[in-house]
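Here is a friendly walk through one protein model, from its pockets to its sheets and helices. Have the viewer open as you read.

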Amino acid sequence: MLGKNKVKHIHSLEHRKHRKAEQAFVAEGHKLVGDLLGAFQPRTIIATAAWAHAHPGLPVEIVTDEELGRASLLKHPQDVLAVFAMRPDHIDATAVASMVRKELCLAIDGVQDPGNVGTILRIADWFGIHHIFCSESTADVYGPKCVQATMGALSRVHAHTVSLPALLSSLPASTPVYGTFLNGHNIYREPLTPHGLIVMGNEGNGISPDVATHVTHRLFIPSHPVGAPTSESLNVAVATAIVCAEFRRRS
């Protein structure tokens, strides 16, 4: 029988302060949990008998559908819920500088919607980007909505919460730092490198001034046809997909 204290503990992990204190997060569903099991250490797994029997050798607490429903953070509970330990999140400036000299990385500055953050991780995964640097004002990548939106990408993409201005100021001056701006240059006409850092900004305000000062290449995704009435801007996750696709097309 699933105890009240365990249910209470799982529900406490909806809140960032408890996730930070416990260094743990919740994931639900057979596909997501299955992906994360290869990258994160499970602390608790509760599941239906059918799921447990299909995954022998794991420390699973078998529960009824009703019990799983009480523990779940979703409107429509699935067949398994797991509490995982977070990855250690320390990364020094030297390691970042070396990384962006060799590969393409992403940074997200103040993106508030957890669905957008999770989708950006999923986009990074699709385009072979392995590291994302998240500003302290960005939605927590370990929040339940964000974790679910990653669709398992969190197992392959490493997300680091950092002070973006401090991180960017520590990079060598020769590091290409790209950012999207409404007054930027047409991305389809600008030279792009296969390495460096791409910064995507807040849904409403874009890249913050403290971060913008470090951007060396300002990019713009033009609408079509140019000059025609259109929406004010693109969703940040959609814009990220377009930018990443163009970088990879050139590489």
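## Ground rules

This is a predicted model: local features need pLDDT of at least 70, side-chain atom pairs count only at pLDDT 80 or more, and totals for chains, interfaces and linings use all residues. Numbering starts from 1 along each chain as its sequence is written, and side-chain values use heavy atoms, with hydrogens and water left out.

## The largest pocket

Let's begin with the elements around the largest pocket: β8 (177–186), β9 (196–201), β10 (217–220) and α11 (236–250) each supply at least two residues of its lining. Helices (H or I, at least four residues) and strands (E, at least two) are DSSP runs, numbered from the N terminus. A pocket here is an open set of points on a 1 Å grid over the protein atoms alone, where a 1.4 Å probe fits, with protein on both sides within 12 Å along at least five of seven lines; lining residues have an atom within 4 Å of a point.

The volume of the largest pocket is about 680 Å³, where volume is the space filled by probe spheres set on the points, and points are joined across faces, edges and corners. Of its 26 lining residues, F181, L182, E232, S233 and L234 are the closest to the centre. The lining holds twelve nonpolar, twelve polar and two charged residues, with Ala, Val, Leu, Ile, Met, Phe, Trp, Tyr, Cys and Pro counted as nonpolar, Asp, Glu, Lys and Arg as charged, and the others, Gly among them, as polar.

## The second largest pocket

The second largest pocket has about 300 Å³ of space. Its lining divides into four nonpolar, two polar and five charged residues; R16, K20, D89 and D140 are among them. Both α2 (16–22) and β7 (158–162) supply at least two lining residues each.

## The six-stranded sheet

Six strands form an open sheet in the order β7-β6-β5-β9-β8-β10, with parallel pairing; two strands pair if DSSP finds at least two bridges between them. At the edges stand β7 and β10, each with a single partner strand, so one side of each has no neighbour in the sheet. Direction ignored, neighbouring strands are turned by 35° against each other on average.

Strand β5 (104–109) runs parallel to β9, joined by six bridges, and L106 stands opposite I198 in β9. α11 packs on this sheet and touches β5, β8, β9 and β10, its direction making about 160° with that of β9. Contact means heavy atoms within 4.5 Å; axes are lines fitted to C-alpha atoms, for helices over the stretch in contact, and angles run from 0 to 180 degrees between N-to-C directions. Helix α7 (114–126) lies across β5, β6 (131–135) and β7, at about 175° to β5.

On its other pairing, β5 meets β6 in the parallel sense over three bridges, with A107 opposite F133. Five of the five residues of β6 are buried, so the strand is largely enclosed by the rest of the structure. Buried means under 20% relative accessible area, with a 1.4 Å probe and protein chains only. H131, F133 and S135 point one way from β6, and I132 and C134 the other.

## The four-stranded sheet

A mixed open sheet has the order β1-β4-β2-β3, with β1 (24–28) and β3 (61–62) as its edge strands. β2 (42–47) and β4 (80–85) pair antiparallel over five bridges, and I46 has L81 as its bridge partner in β4.

In helix α1 (4–12), V7, I10 and S12 are buried. Their cover includes α2, β1, β2, α5 (65–71) and β4.

How values were computed: Buried means under 20% relative accessible area, exposed over 50%, partly exposed in between (1.4 Å probe, protein chains only).
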